[in-house]
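Trainee: I would like to go through the terms used for this model and see what each one rests on.
Mentor: Ask, and I will set each value against its definition.

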Amino acid sequence: MITNEILYLAQEGNAVTAITDFVQDWPNMWPSLWLGTMDTVYMVWWATVFSVLFGLPLGVLLVATDKGGLIPAPTARAVLSAIVNIGRSLPFIVLMVAVLTLTRFLVGTTLGPTAAIVPLSIGAIPFFARLVETALREVDRGVVEAAHAMGTRKFTIVGKVLLPEAMPGLIAGLVMTVVTLISYSAMAGAIGGGGLGDLAIREGYQRFNDHYLWATVILLVVIVQVAQSLGDLLVRRLSRR
Amino acid sequence: MIDAVGLHKTYRLKKRRIEALKGVDLHVESGEIYGVVGQSGAGKSTLLRSVNLLERPDGGTVRVGDEELTSLRGARLRQARRHIGMVHQHFALLASRTVAGNVGFPLEVAGASRAARATRVGELLELVGLGDKARAYPSQLSGGQKQRVGIARALASDPKLLLSDEATSALDPVTTESILALLRRLRDELGLTILLITHEMDVIKRICDSAAIMEDGEFRESGRVLDLIGTPGSLLARSLFPLPEHGGPETVFITYPRSFDEPFMSELTRRFDVDVNILGGGVEQVAGQSVGRLSVDMRGSRRGEALTYLSEHGLLVEEAGK
């Protein structure tokens, strides 16, 4: 197939012509590409907000309820862990379809970027919770013990010891979640979620418009790069080890 | 300062039961440095953690000052802990906070104002000799400096009691020396009581007034270091001054638990007509006192009388043959 493509390009002229065509087509595509980018950013932003809002406490609870944790509760932990595992084990595309009823109940529709925020959040919350759990486990137990010895309340230990000490790991986990959400959001396009993924599938795949395909690939790569670089920068600035 | 009676603690690991404390009594006088020495697994760490109830003993009571800690829970226990400083083997500093932030942590937890914290943190850092490191992060400090920060933090809430969990075990000999000197100075200047655990006999020898040898969840021996050194058969004396290898059946080991002005050796030869030949010896500082130890060959018909004479004068006499 690639060979055919090259033959086709060779017949038409060469790769340079193909690129020139693509660049010339860019202004025509731009309005819809811009809209798609904004939709993607919108979905990923809100899904990230909800992931932190629910995933962070969930991750903290997973660590705190463990034996030797702040509030050991083996049964509660087993239940939480099982819920998280269920969320983690579903392929996102299946999860998206599975929660359609909930989406309709919460948003009123199953189409569009706002509706996509529901499955995106549900998919990312357990993902982020596990990353939070891992980051918190990295915190030196001796430091937590020292805080106990200083007469620190458990709630204060979470806020002033666990979270600040794990901050580089938490930010790294957050970046990973954002990147995963960008990829999920493109999948949401497959069932009418909007955004760049939607554009790639409708214009690029179904209408055989390669230029749209290339453009969405370029934009997605740029968005992921920007998110990752910003995150790395933040992690470096927060690391004091 | 500390009165712990009948401490018991058992851990259950799968099917094994480990008795970490088998009825330990611990009495620490106000203003003294008390060292508990033992191998790892002897239970000394559990004992130390029982004092501020990081580990709640299964049985027994712990009193610190005039408060019975074992009867406290929740907010009142946290309040009591704030008056007991603790220093940790691996420093346990918050990597995300500056030196000043670490030292100020206990004050922050206790609700002190920003201004009050800043003043106190400045004083504490001067006290431990780190006045210029307030804005550094722990990762930029050496081990000895980290432990000084740990000590400053432990002193932040002005405790009367300091617990030291192998505070020098992660440090090199020179740094260990300086940290021990600092602890001793703080005890003298602030009137602190210090309870420390260690596996290094040297720490006991250098700074402890009293000591206990712990083995398998029990105290084998405890008391004032100088008294123990003067006690025949004392494990502590043996550990502090291992008997030299050389010497025959006539060899006698003589320990001077304090300095004496009397010329014992010439007195012996005059009075009892024995021949004394010095094989080896040395003087060491123990608990701020000079403790001497000699190994000598002693021959003569009145040897027994000579040895009794030495014992009666407060010297510890051990015969190699016995």
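Trainee: Among contacts in chain B between residues at least 6 apart in sequence, what percentage join residues at least 24 apart?
Mentor: The share is 67%. Two residues are in contact if their C-beta atoms, placed from the backbone, lie within 7 Å. Before we go on, the model is predicted: local features need pLDDT of at least 70 and side-chain atom pairs count only at pLDDT 80 or more, while totals for chains, interfaces and linings use all residues. Residues are numbered from 1 along each chain as its sequence is written, and chains are lettered from A and ligands numbered from 1 in the order in which they are written.

Trainee: How many helices and strands does chain B have?
Mentor: Chain B has 11 helices and 14 strands. Both are DSSP runs numbered from the N terminus, helices being H or I of at least four residues and strands E of at least two. The C-alpha atoms of the chain fill a box of roughly 75 × 50 × 35 Å along the principal axes. Of the 322 residues in chain B, 42% are buried.

Trainee: Why is A:F105 called exposed?
Mentor: A residue is buried with 20 or more other C-beta atoms within 10 Å of its own, exposed with 12 or fewer, and partly exposed in between, with C-beta atoms placed from the backbone. A:F105 has 10 such atoms within 10 Å, so it is exposed. A:F105 sits in helix α5 (residues 100-107) of chain A. A:L70 lies 35 residues from A:F105 in sequence and 37 Å from it in space, C-alpha to C-alpha.

Trainee: What makes α6(A) roughly antiparallel to α8(A)?
Mentor: The axes of α6(A), residues 113-137, and α8(A) cross at roughly 150° and come within 8 Å. Axes are lines fitted to C-alpha atoms, for helices over the stretch in contact, and angles run from 0 to 180 degrees between N-to-C directions. Angles under 35 degrees count as roughly parallel, over 145 as roughly antiparallel, 65 to 115 as roughly perpendicular, and the rest as oblique. The crossing angle therefore makes α6(A) roughly antiparallel to α8(A). Residues in this contact include A:G123, A:F127 and A:L131 of α6(A) and A:G169, A:G173 and A:T177 of α8(A). By class, the contact has 17 nonpolar, 6 polar and no charged residues. Ala, Val, Leu, Ile, Met, Phe, Trp, Tyr, Cys and Pro count as nonpolar, Asp, Glu, Lys and Arg as charged, and the others, Gly among them, as polar.

Trainee: What makes α2(A) oblique to α8(A)?
Mentor: Their axes come within 9 Å and cross at roughly 140°. That angle falls in the remaining class, so α2(A) is oblique to α8(A). Among the contact residues are A:M43, A:V44 and A:A47 of α2(A) and A:V178, A:L181 and A:I182 of α8(A). This contact divides into 9 nonpolar, 5 polar and no charged residues.

Trainee: Which residues of α7(A) are buried?
Mentor: A:V143, A:V144, A:A146, A:A147, A:H148 and A:A149 are buried. The cover over the buried residues of α7(A) includes α8 of chain A, together with α2 (74-81) and β6 (84-87) of chain B. After α7(A) comes A:G151, with a positive phi near 75°.

Trainee: Which element gives the largest share of the side of chain A that touches chain B?
Mentor: The contact takes 18 residues from chain A and 18 residues from chain B. The largest share of the chain A side, 6 residues, comes from α7(A). That side has 7 nonpolar, 5 polar and 6 charged residues.

Trainee: What covers the buried residues of α9(A)?
Mentor: The cover includes α2 (15-64), α8 (154-188) and α10 (210-238) of chain A. The buried residues of α9(A), which spans residues 196-206, include A:L196, A:L199 and A:I201. Just after α9(A), A:F208 takes a positive phi of about 55°.

Trainee: How is chain B divided into domains?
Mentor: Domain 1 is 2-229 and domain 2 is 242-319, with bounds from an automatic or database domain assignment. Their centres, taken over C-alpha atoms, are separated by 38 Å. The contact takes 6 residues from domain 1 and 8 residues from domain 2. Helix α8 (residues 225-229) of chain B gives the largest share of the domain 1 side, 3 residues. The domain 1 side divides into 4 nonpolar, no polar and 2 charged residues.
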